[in-house]
Amino acid sequence: MPSLKEQVEAGCDLRVWCFRCNRGKKIAVLPQTVEKVITKLICGQCKSRDELLFLPAKTDFRPSKNPMEDLVAGMFHSFRSASKRRRRD
Ligand SMILES: [Zn+2]
């Protein structure tokens, strides 16, 4: 398995996945700046740096280790905001 830098050198873009937002984004980087980008980049959405995963963009990545957990968390948050709305009325 070639390193990320080697793959960028081979002409591949980089995909950044944020585990906090569950969002992926494709970014174009130069091989010389890969390491700098990886250490400096923050998520454009939540400004997190610790929960980012870097992959070659050709990999179609979807975290799937526990899709049920994501679903339940999503339901929990929507329930919570719905009950907040109810309390305000
Ligand atoms: Zn994020």
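**View 1. The largest nonpolar core, made of Val8, Leu14, Val16, Cys18 and Val29**. These 5 residues form the core, where a nonpolar core means a set of buried Ala, Val, Leu, Ile, Met, Phe, Trp, Tyr and Cys residues joined through C-beta atoms within 7 Å. Strand β1 (residues 14-18) gives the most to this core, namely 3 residues. Helices (H or I, at least four residues) and strands (E, at least two) are DSSP runs, numbered from the N terminus. Please keep in mind that this is a predicted model, in which local features need pLDDT of at least 70 and side-chain atom pairs count only at pLDDT 80 or more, while totals for chains, interfaces and linings use all residues. Residues are numbered from 1 along each chain as its sequence is written.

**View 2. Val29 and its contacts**. Setting aside residues up to four places away in sequence, Val29 touches Val8, Leu14, Val34 and Val37; contact here means C-beta atoms, placed from the backbone, within 7 Å.

**View 3. Pro31 in the loop between β2 (23-27) and α2 (34-40)**. Pro31 is partly exposed because it has 15 other C-beta atoms within 10 Å (20 or more would be buried, 12 or fewer exposed, in between partly exposed). Beyond its neighbours within four places in sequence, Pro31 contacts Lys5, Val8 and Glu9. The C-alpha atoms of Pro31 and Glu9 are 5.2 Å apart, although 22 residues separate the two along the chain.

**View 4. Lys26 in strand β2**. Lys26 has 11 other C-beta atoms within 10 Å, so it is exposed.

How values were computed: Two residues are in contact if their C-beta atoms, placed from the backbone, lie within 7 Å.
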